[in-house]
Amino acid sequence: MLTFVARKLGGLIATLVVASVVIFAVLEVLPGDPASLMLGVNAQPDTIAALRSELGLDQPAAARYLSWVGGFFVGDFGISYTYRVPVAELIADRAMVSLPLALMALILSTAIALPLGTLAAAGHNRWPDVSIMSFAQLGVAVPNFWFGILLVYLFAVTLRWLPAGGFAGWDAGLGPAFASLALPAIALALPQAAILARVMRSALLDVLHEDYIRTARAKGLTAGSTIWRHGVRNALIPVLTILGLQFAFLIAGTIIIENVFYLPGLGRLIFQAVAQRDLIVVQSLVVLLVASVVTVNFLVDLAYAWVDPRLRHGRR
Amino acid sequence: MSEARPRSAHAGRRSVFARALAHPSFLIGVSIAALLLAAALLSLVWTPYSVAEVVVSDRLQPPTLAHWLGTDAFGRDVFSMILVGTRNSLGVAVIAVAIGIGIGVPLGLASAAEGGLLDDVLMRGSDLVFAFPALVTAVMITAIFGPGAVNAIIAIGIFNIPVFARVTRGAARGLWSREFVLAARVAGKTPARITVEHILPNVASLIVVQGTIQFALAILAEAGLSYVGLGTQPPAPSWGKMLNDAQTLTAIAPWLALTPGLAIVFAVLGFNLLGDGLRDVLDPRLERRR
């Protein structure tokens, strides 16, 4: 197990290093000097030069890369060019919207998908299966931002049950805060749930063809408790992998959904930062997003190996 | 050369059409794809109204006989915009998938044939690409070149490369240990020739199936990018952009948010069904339990 973890950890670190170099290099070729952008067109050349040296922009690229990456280890992501506050503060502030949203969507989609997928596999080729899979086929095709617009129209514009957008803030209390995140979380969760339900169904169907399931039935277990005790638990392994892979899509979805509901999260921040050429914010955000995707997949790999010992020994 | 192929490829070929005609999701998928293609081609030569035509007096009309799907805030005909949007969506998807196949498949084939360092580099490289959600890639490209349909194509295309490389590599690796490939090696064929003559024909159906699924994903991704303003730029109509415009108007013109979304669902559903159908039709050995 230790060699397995070490190998995976090595891969994780290598990916992060290469990704950070790529991100830095790509944004390095960006036209437009942040210092002149910040000061406007009427700025004097020596004022620009002074700001450039204050921001460290006059340093060579390699030095700036190292100080940027080094800063990550002490929580110093630099100072935002436009907001003039530490990037770490800015990101932490916005993450208080994005993380709960992503988490709510994840919990919701899992809570919908696993029972439905199980039900579909248990009623294989009968009406529960056919109807659930038809909905899933449709759900996969529905763009989450369109679903979000429809939800707003129904629950905010017509029924007036929930806010159409914006974020009340956690200071306003849990009720209003969750109310502003409810529709976005549903919009994010349903298309995800459709994918996950399909995976759960096919994973469970694969498991149900195993010999140990026949043995369990032969020794007198009912169909229901066979599926629950031997089927579902084994089917969760592939489901977990897909859940990890879906994380990248969840992040992309969160970025888009925040725009539908005007939520002040990381997704809105990244668009504002791109529009304002706030390079340091874009860089740090992209690195954080990439790091979170890689880390989640690393954790899934570990969980996978912990559940299924065959993988630890490299037998795939 | 053909003697060396697995027999099932031949045995299955005669009945491909018979299987296709009996496969409901394949038939539905093909019909939807054909309809969308026809709409896209039609929009090249004819649309009910010009999508550049702004008639302010006709703005925000509900669906009527003159404007089947109503008009938008500038008085443009929504049906015409949907038609042109079809062309835009299919165009972006075709090129993005072509980039994935054109680069990913040769990489996957080479990686399966060579193994070793090339294989390691390819696998780590695809891990790296998968770490960047396509949307994040698009944000970075937009930060450099400014927004546009080409960015969407590049971002989706980059994401597709490792998808095809991995699918091809996985299938091709399994084939390299098969008897007919061993026979070809014994006969003195080079790895490159074996790849072209024996491996590629046997992974082709898998690539077609994956291509269809990626096509559906590309349509979804393009709509998302256009919606947030990173894809196709106005005044060119695109489904995602139309939804963005419609969003602020849902209280007074809810129909505007309906049709572009339905168009996206229709297209994605169609190509997904086509992919599922093709998988069963082209290679019955891969048929899922149903």
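Predicted model: local features only at pLDDT ≥ 70, side-chain atom pairs only at ≥ 80, totals over all residues.
Residues are numbered from 1 along each chain as its sequence is written, and chains are lettered from A in the order in which they are written. Local features need pLDDT of at least 70 and side-chain atom pairs pLDDT 80 or more, while totals for chains, interfaces and linings use all residues.

Me: Why are α7(A) and α10(A) called roughly parallel?
Reply: The axes of α7 (residues 144-158) and α10 (residues 223-260) of chain A cross at roughly 30 degrees and come within 9 Å. Angles under 35 degrees count as roughly parallel, so these two helices are roughly parallel to each other.

Me: Which residues make the contact of α7(A) with α10(A)?
Reply: From α7(A) they are Asn144(A), Phe145(A), Gly148(A) and Ile149(A), and from α10(A) Gly253(A), Ile256(A), Ile257(A) and Val260(A). Two residues are in contact if their C-beta atoms, placed from the backbone, lie within 7 Å.

Me: How many residues of chain A are in contact with chain B?
Reply: 39 residues of chain A are in contact with 35 of chain B. The largest share of the chain A side, seven residues, comes from α10(A). By class, that side has 34 nonpolar, five polar and no charged residues.

Me: Which residues have the most contacts inside the largest nonpolar core?
Reply: They are Ala197(A), Met200(A), Ala218(B) and Ile219(B), in a core of 162 residues. α8(A) gives the largest share, 19 residues.

Technical notes:
Axes fitted to C-alpha atoms, helices over the stretch in contact; angles between N-to-C directions. Helix = DSSP H or I, 4+ residues; strand = E, 2+ residues; numbered from the N terminus. Parallel < 35°, antiparallel > 145°, perpendicular 65-115°, else oblique. Nonpolar A, V, L, I, M, F, W, Y, C, P; charged D, E, K, R; others polar. Core = buried A, V, L, I, M, F, W, Y, C linked by C-beta atoms within 7 Å. Buried ≥ 20, exposed ≤ 12 C-beta atoms within 10 Å, placed from the backbone.
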